[in-house]
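Have the model open beside you as you read.

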Amino acid sequence: GRSNHEKGLAIDVMDMCRRGAVQRGTRADRWLNRNIRSYGFRRPMNYEPWHIEPVKYLNRPVIQSIAD
């Protein structure tokens, strides 16, 4: 595949309280904004607030700390 989803490098985050993808201005959106980097992810596409991808070039100790 060509997309980052097909390569396993992107996921879409669901908001289980709203039963759909995360939308701007919601509680889930605010949580992602505060915490996404600490889990090693980023939000590269402003027009898709539910779309997240790993931060590139993570070194092995960072990957291990995220896994723990």
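1. Let me start with the surface. The accessible surface of the protein comes to about 5,400 Å², and 52% of that belongs to carbon and sulfur atoms. Accessible areas come from the Shrake-Rupley method with a 1.4 Å probe, and for residues only the protein chains shown count as cover. Of the 68 residues, 24% count as buried (buried is under 20% relative accessible area, exposed is over 50%, and partly exposed lies in between, with a 1.4 Å probe and protein chains only).

2. A word on provenance. This is a predicted model, where local features need pLDDT of at least 70, side-chain atom pairs count only at pLDDT 80 or more, and totals for chains, interfaces and linings use all residues. Residues are numbered from 1 along each chain as its sequence is written, and side-chain values use heavy atoms, with hydrogens and water left out.

3. Now the fold. The protein has two helices and five strands, in the pattern β-β-β-α-β-β-α along the sequence. Helices (H or I, at least four residues) and strands (E, at least two) are DSSP runs, numbered from the N terminus. Among contacts with a separation of 6 or more, residues 24 or more positions apart account for 29%; contact here means heavy atoms within 4.5 Å.

4. The sheet deserves a look. Three strands form an open sheet in the order E1-E5-E4, with antiparallel pairing. Strand E1 (11-12) and strand E4 (41-42) are the edge strands, each pairing on one side only. Two strands pair if DSSP finds at least two bridges between them, and E1 and E5 have two bridges, as do E4 and E5.

5. Which side chain is joined to histidine 51 by a polar contact of 3.2 Å? The partner is the side chain of histidine 5 (a polar contact is a pair of N or O atoms within 3.5 Å; within protein, one must be able to donate a hydrogen and the other to accept it, and residues adjacent in sequence count only if both atoms are side-chain atoms). Histidine 51 belongs to strand E5 (residues 51-54) and is buried, with a relative accessible area of 3%. Leaving out residues up to four places away in sequence, histidine 51 touches several residues, including Asp12, Arg42 and Met45.

6. The largest nonpolar core is made up of five residues: Val13, Val22, Leu32, Ile36 and Ile52. Such a core is a set of buried Ala, Val, Leu, Ile, Met, Phe, Trp, Tyr and Cys residues joined through side-chain atoms within 4.5 Å. Beyond its neighbours within four places in sequence, valine 13 is in contact with Ala21, Val22, Leu32, Trp50 and Ile52.

7. There is one aromatic pair. The ring centres of tryptophan 31 and tyrosine 39 are 5.8 Å apart and their planes are at 35°, so the pair is tilted (rings of Phe, Tyr and Trp, its six-membered ring, pair if their centres lie within 6.5 Å; planes under 30 degrees apart count as stacked, over 60 as edge-to-face and the rest as tilted). Tryptophan 31 is partly exposed at 38% relative accessible area, and tyrosine 39 is partly exposed at 44%.

8. Finally, is cysteine 17 buried or exposed? Cysteine 17 counts as exposed, at 73% relative accessibility, and is found in the loop between strand E2 (14-15) and strand E3 (20-21).
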